[in-house]
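Subject: Structure handover

Hi,

Here is the structure we talked about. My notes follow below it.

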Amino acid sequence: MTDSVSDISHMILQKLLENPKVPRDISGESRIVEDLAFDSLAVMNFVMEIEDTLDVSVPLDKLADIRTIDDLAACLHAIKAEQV
Amino acid sequence: MSAGLFDKYATLRGNYESLMATSPRNPFGVVIERPLSATVGIIEGRETLLFGTNNYLGLSQSEAARDAAIRTAENMGVGTTGSRIANGTFGLHQKLEKALADVFQRKHAMIFSTGYQANLGTISALVNKDDILFLDADSHASIYDGARLSGAQVIRFRHNDPADLEKRVARTDKATGARLIIAEGIYSMTGNIAPLNEFVEVKKRHNIPLMVDEAHSFGVLGAHGRGVAELQDCEKDIDFIVGTFSKSLGTVGGYCVTDHDEIDLMRLCSRPYMFTASLPPEIIAATLAALEEIKDRPELRQKLQDNAARLHGGFKSVGLNTSNFISPVIAVTLEDVPQAIAFWNALLDAGVYVNLSLPPATPDNRPLLRCSVMAAHSAEEIDRAVDAFGKIAKKLNLT
């Protein structure tokens, strides 16, 4: 069960590292577009995978404010908390 | 110091310049000097086979549509110069709306100046910031842009995946805002056909309206050419059908048809309907003539299906990677951009024009050579295209 923001952030990092094209030295502060070289479509598709793991849906407008992996984790945590 | 307006284009400029460094011609700037027929045009001074249009039935060159446009322009002039809300509706607008409602066996139709605006105008009239939209992940840009204009929360579901849609819909069953599901009939980049009948089951279980964009399937699929919903016998369960005149009908404009009587209220809050000039009379006349031609010549649809099967089978026989759907859009998927650029240029050199589609505008981050088939193509023209594809693929060591 992933509960805290840091748990979610850790889970996201693990998922990202399953992709061999992602740099090995990423952290929660890594910027998704600039540091991971994800384009907008890649970001949306990656978020879909995370959504399934956490059983939440992230509306697209929320993605606009997300820069780093920790931002994404905080967003997912907030949406998950609203569901309870 | 504040940033310059075009500073944000630095990455785009870099990508564009590296593309242009590897391509002898600009893939986004092809000039068709003039069409000689529906299937042949002059490009770079040479006769070139056209496999990169959306002219599925060849009706952009319809004599009946052309003559109707000429007669109407002579009688009524060439433009309306304003919005229907502010500057008045022409009788022809109403005539076309009635004709479309009749074709789709719906109570109402609303026409727009382009297909793009049809999606923007319909979506933004149906949902607002308190509502939730469920969009197929591979939706056309006009659907995404309509969603942004509406301000609704957008939740993507996996392409053509009813189970994934249902999972995401179920997460919002307690939401207080209105909900709307949007899918397309045929997807414009890949030619994939949506399982609309399965989406209908999801909408019924969760009591959510369903809107379908049949832009690429109207005139193409179904016993009467009404699209994928007709083909899959689920028309009555689709609340709003949106489409365009610029594909099988060969002109320009878009529409929404529905049985909901609130359509006249939608006209009053749809900005892409209200704040633009309405369709000019000669275009409406040509569209009406093309609609009649679709009704009167069902053999065009059969010819289109035969041609699609011939091109699809031809691509498979020379070992190219295409979707398993046989539809008038057939895309060859390649592995990387340099390969796609070389292939596309070689095709044009060989006298075959197709569309080069590059990531991120393509699914799966892989480039596509998008081909579209017409009822007007001859078997010989299709075989020539397949032959060119096969030879170039071999030369590039792809097969």
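Ile241(B) stands opposite Val257(B), which belongs to strand 10 of chain B. Strand 9 and strand 10 (residues 254-258) of chain B pair in the antiparallel sense, over 5 bridges. Strands here are DSSP runs of E with at least two residues, helices are runs of H or I with at least four, and both are numbered from the N terminus. Two strands pair if DSSP finds at least two bridges between them.

Two points on provenance. This is a predicted model, in which local features need pLDDT of at least 70, side-chain atom pairs count only at pLDDT 80 or more, and totals for chains, interfaces and linings use all residues. Residues are numbered from 1 along each chain as its sequence is written, while chains are lettered from A and ligands numbered from 1 in the order in which they are written.

**Strand 9 of chain B**

Strand 8 (residues 210-213) of chain B also joins strand 9 of chain B, through 3 bridges, and these two run parallel. Met211(B) has Phe240(B) as its bridge partner there. Strand 9 (residues 240-244) of chain B is mostly covered, with 5 of its 5 residues buried. Buried means 20 or more other C-beta atoms within 10 Å of the residue's own; exposed means 12 or fewer; partly exposed is in between; C-beta atoms are placed from the backbone. In a regular strand the side chains alternate between the two faces of the sheet. Phe240(B), Val242(B) and Thr244(B) point one way from strand 9 of chain B. Ile241(B) and Gly243(B) point the other way.

Leu249(B) sits in the loop between strand 9 and strand 10 of chain B. Is Leu249(B) buried or exposed? Leu249(B) has 28 C-beta neighbours inside 10 Å, so it counts as buried. Leaving out residues up to four places away in sequence, Leu249(B) touches Leu59(B), Gly219(B), Thr287(B), Ala290(B) and Leu291(B). Contact means C-beta atoms, placed from the backbone, within 7 Å. The C-alpha atoms of Leu249(B) and Met1(B) are 52 Å apart, at a separation of 248 residues along the chain.

**Domains of chain B**

Chain B splits into domain 1 (14-50 + 298-395) and domain 2 (63-296). The bounds come from an automatic or database domain assignment. Their C-alpha centres lie 27 Å apart. The contact takes 14 residues from domain 1 of chain B and 12 residues from domain 2 of chain B. On the domain 1 side, helix 13 (299-317), strand 11 (329-333) and strand 14 (368-372) of chain B each supply at least two residues. Strand 11 of chain B gives the largest share of that side, 3 residues. By class, that side has 8 nonpolar, 4 polar and 2 charged residues. Ala, Val, Leu, Ile, Met, Phe, Trp, Tyr, Cys and Pro count as nonpolar, Asp, Glu, Lys and Arg as charged, and the others, Gly among them, as polar.

**A four-stranded sheet**

Chain B also has an open sheet of 4 strands, in the order 1-2-3-12, with mixed pairing. Its edge strands are strand 1 (32-35) and strand 12 (352-353) of chain B, each pairing on one side only. Strand 1 and strand 2 (residues 40-43) of chain B are antiparallel over 3 bridges. Arg34(B) stands opposite Ile42(B) in strand 2 of chain B.

**Helices**

In helix 7 (residues 162-170) of chain B, the buried residues include Pro162(B), Leu165(B), Arg168(B) and Val169(B). They cover an arc of only 125° around the axis, which puts them on the same side of helix 7 of chain B. The arc is that of the directions from the helix axis to the C-beta atoms. The buried residues of helix 7 of chain B pack against strand 5 (132-136), strand 6, strand 7 (179-184) and helix 8 (196-206) of chain B.

In helix 1 (residues 5-17) of chain A, Ile8(A), Ser9(A), Ile12(A) and Leu16(A) are buried. Their arc is within 100°, so they line one face of the helix. Gln14(A) and Leu17(A), on the other side of helix 1 of chain A, are exposed. The cover over the buried residues includes helix 2 (40-54) and helix 4 (69-83) of chain A.

**Between the chains**

The contact takes 9 residues from chain B and 11 residues from chain A. Strand 6 (residues 153-157) of chain B gives the most to the chain B side, with 4 residues.

Best regards

How values were computed
Two residues are in contact if their C-beta atoms, placed from the backbone, lie within 7 Å.
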